[in-house]
Amino acid sequence: GTGGSAVPAAGTTGAGGLASGAALHHIGGGLAISGTTFESNQATAGVTPVSRYYNSSAARGGAVTVERAELQVTGCIFLTNSADNSSADGGAIFASSSPSIDIVNSDFLGNSASGGTERWKDQGNARARGGALHLTNCIARIDSCFWSGNAVIGGLVNTAPYSLPAVHSYGGAIFSDGDVSIQKSSFFTNR
């Protein structure tokens, strides 16, 4: 998939304004991807006002989102994909509650997760986690991969009349809260 985009239309995603998996969103079972290039895909969440102080929205998996499924990625290239505007997780891949993730001989280049603007400090709406890969409640194995130029960019906290940089930025290349094994991989200039 090259050049895909997922932008939620008003009213179609309900409260939360979720944009997820611009090229591919997979739930349950298993998914195997090999020899595929994902380039310039973008998951951009809209902003859903929940109250005067808090906007709720999320952008997950600029190229691919996998939920409750096994994932195998072999010999793929993820180039300049992004998750933007709001709570942004996984510029290239977002995976949640996946019992087995194998990523082998793949390149992750220039992917990003960019947080939006939150109206009140510590609401989590301006955070960015996993410039290339975000893993939540997953078990993953990464082997012989190249990670370069991936980035997380925290958003702003708008406490009028001032806008302050948010501090919610984690994992320029990878963010994980589960078990991850990494071998024979290279990481350069991720931020």
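Biologist: Hi! Is F188 buried, exposed or partly exposed?

Modeller: F188 is partly exposed, and its relative accessible area comes to 45%. Keep in mind that this is a predicted model.

Biologist: Thanks. How many aromatic pairs does a search of the whole structure find?

Modeller: The search turns up 6 aromatic pairs. One of them joins F146 and F188, with 5.7 Å from centre to centre and 40° between the planes, a tilted arrangement.

Biologist: Where in the chain do F146 and F188 sit?

Modeller: In distant parts of it, 42 residues apart. F146 belongs to strand β22 (residues 146-148), while F188 belongs to strand β29 (residues 186-188).

Biologist: And F146, what's its relative accessible area?

Modeller: For F146 the value is 29%, so this residue is partly exposed too, like F188 at 45%.

Biologist: What about Y170 and F175, how far apart are the centres of their rings?

Modeller: The ring centres of Y170 and F175 are 6.4 Å apart. Their planes meet at 45°, so that pair is tilted.

Biologist: Which is it for F175, buried or exposed?

Modeller: F175 is buried, at 16% relative accessible area.

Biologist: Which residues do ring pairs link into a cluster?

Modeller: That cluster is made of F38, F78, F108, W147 and F187.

Biologist: Changing topic: how many salt bridges does the count come to?

Modeller: The count is 4 salt bridges. In one of them, R129 pairs with D89, and the closest N and O atoms are 3.2 Å apart. This pair also links distant parts of the chain: R129 lies in strand β19 (residues 128-129) and D89 in strand β13 (residues 87-89), 40 residues apart.

Biologist: Why does D89 count as buried?

Modeller: Because its relative accessibility is 1%, and buried means under 20%. R129 counts as buried as well, at 17%.

Biologist: How far apart are the closest N and O atoms of R141 and D102?

Modeller: They are 3.0 Å apart, and the two residues form a salt bridge. R141 is in strand β21 (residues 139-143) and D102 in strand β15 (residues 101-104), 39 residues apart. R141 is partly exposed at 32%, and D102 is partly exposed at 22%.

Biologist: Which residues are linked with R141 in a network of salt bridges?

Modeller: D102 and D143 are linked with R141 in that network.

Biologist: Last one: which side chain does R68 meet in a salt bridge?

Modeller: R68 meets E67, at 3.9 Å from N to O. E67 is partly exposed, with a relative accessible area of 21%.

Technical notes: Residues numbered from 1 in each chain as written. Predicted model: local features only at pLDDT ≥ 70, side-chain atom pairs only at ≥ 80, totals over all residues. Heavy atoms only, no water. Phe/Tyr/Trp six-rings, centres within 6.5 Å; stacked < 30°, edge-to-face > 60°. Helix = DSSP H or I, 4+ residues; strand = E, 2+ residues; numbered from the N terminus. Buried < 20%, exposed > 50% of the residue type's maximum accessible area, 1.4 Å probe, protein only.
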